[in-house]
Amino acid sequence: MLIRKNYNQIGSSEITEESIYYQRRDLMKLAASAVALAGAPLFAALSFEREKANRGLELTSYDQITTYNNFYEFSTDKEAPARLAKNFKPKAWTLSIGGEVQKKVTLDIDQLLKLIPAQERIYRFRCVEGWSMVVPWVGIPLASVLKHVGLTSKSKFVEFQTLFDPKQFPAQGQTFGTISFPYREGLRIDEAMNPLTLLAVGLYGKELLPQNGAPIRLVVPWKYGFKSIKSIVSITLHESQTRSTWNEMAPKEYGFFANVNPSVDHPRWSQARERPLGRFFKQDTLMFNGYGKEVAHMYKNVDLRKFF
Amino acid sequence: MRILIWLGALSPLVYAALRFSVEFHPQVLHDILVSIESYIHVTLTKIPTDPLKFLSDLVGNSALWLLAITLLLTPLRSYIGINFLKYRRLLGLFAFFYALLHALMFIGIDQQFDLIGVNHEVVSKPFIAFGMGAFLILLIMALTSTKKLFAKFRSWHKMVYIAVVLIAIHYLMSHKTITLTHVTVVGTLFLLLALRLVKR
């Protein structure tokens, strides 16, 4: 009882922080335009179109989102990436888009944001491990990017790849106790073109921190978190199904689709419920993480038990 | 010595209380904790982000390490000649106490005391079955640990070897990847078993 009371007090103070966030945003926009005028990035704020349809989701705190990270390129310890990310350089970055597209391009993040204006998306995020959070992402729809490069009749799957650089990602130099690098993820083209699928560049109105996948990462809110690949350097379109790191590591445990599904358990633990970060009680996990209306039609003829 | 064992064995609970009461720490305590944090990479001044996972891991690991210490007492006597065997029961019961908390978290919080659900998980998931098997062995040992019953059920306590093997597998399976730390922990458990087998 005592412990719960303590916990509640923390909770309320952090909720205050979140409510201020919305007032602060106008200030940040001002700051962002000031930075644009000065031409020097003093302040990592972004300009973006604000989310209109907040589904009444309670945001996870900025501190929790930025200090509890599964980012095996840094470490398997969730608290370590925030500490180890200090030498990471997300500024000089290019994203290459190629493969089965009409025109191959290589862009930096600023060019991309000039091409496609950023918008805010408040999404649930459900990790395959059983914890969850709600994140106010800032990003651009992947569909807009793919339309920009132009699809062909052979654009059937999209492969994403994380930066490989053991100097910046210490665990990429390790040979034991981690996954294979570079990290790869993939989507079917209809999943990639779904309006929910986002390439995020920020959260809470600020540029992404390295531990959250700076400077650009995928967000696929109806799939388990490991599909939402971080620090992307290349997007390649293919005619056949693409690779997926966790799926290759343990195909019986992590599917290529990895749709959030409370009725299909992980072989070691149940997926029926989840632990929202910062809370003492579990809550029910929703089919497609609550995005069935937007995505269920893509899996009408798919046996979700077989293709988990 | 007995007091030291109590303090040591209860320290995980003290640590948990410290982590969950961060908001109420007096300034002096906060300053001390911050300076400890700067020397070793350990979080002391923050409420755990994933509280249920934090508690489940904490009590599970505490059970594992207390059991390892319990197993260390016999080789300690036979190889080095230090006799702490009179504390074995107390340490073993502490190991069981943490295993009980760990199991109760699974039965109570994960499964909401739905015993059919618990049974389903045990039957369908080897990971859960290994953990539950080890817990049942420790339960039998705890229940037969009084002087009178121990005399009668002494041979049953050899089941602890099975429990250690089950715990080692359960521990390895609880992570998404197997790291050097995990291998070291399991290696330590098997070393303790080997020391006893060699002696025989």
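Me: Which residues of H3(B) are buried?
Reply: This is a predicted model, where local features need pLDDT of at least 70, side-chain atom pairs count only at pLDDT 80 or more, and totals for chains, interfaces and linings use all residues. Residues are numbered from 1 along each chain as its sequence is written, while chains are lettered from A and ligands numbered from 1 in the order in which they are written. Helices are DSSP runs (H or I, at least four residues) numbered from the N terminus, and a residue is buried if 20 or more other C-beta atoms lie within 10 Å of its own. In H3(B) the buried residues are B:Pro51, B:Leu55, B:Val59, B:Gly60, B:Ser62, B:Ala63, B:Leu64, B:Leu66, B:Leu67, B:Ile69, B:Thr70 and B:Leu71.

Me: Where in H3(B) does a kink lie?
Reply: The bend is the angle between axes fitted to the seven residues ending at a residue and the seven starting there. A kink of about 30° comes shortly before the proline B:Pro75, at B:Thr74.

Me: Which helix of chain B gives the most to the side that touches chain A?
Reply: Contact means C-beta atoms, placed from the backbone, within 7 Å. By that test, 20 residues of chain B touch 23 residues of chain A. Three residues come from the top contributor, H3(B).

Definitions and conventions: Helix = DSSP H or I, 4+ residues; strand = E, 2+ residues; numbered from the N terminus. Buried ≥ 20, exposed ≤ 12 C-beta atoms within 10 Å, placed from the backbone. Contact = placed C-beta atoms within 7 Å.
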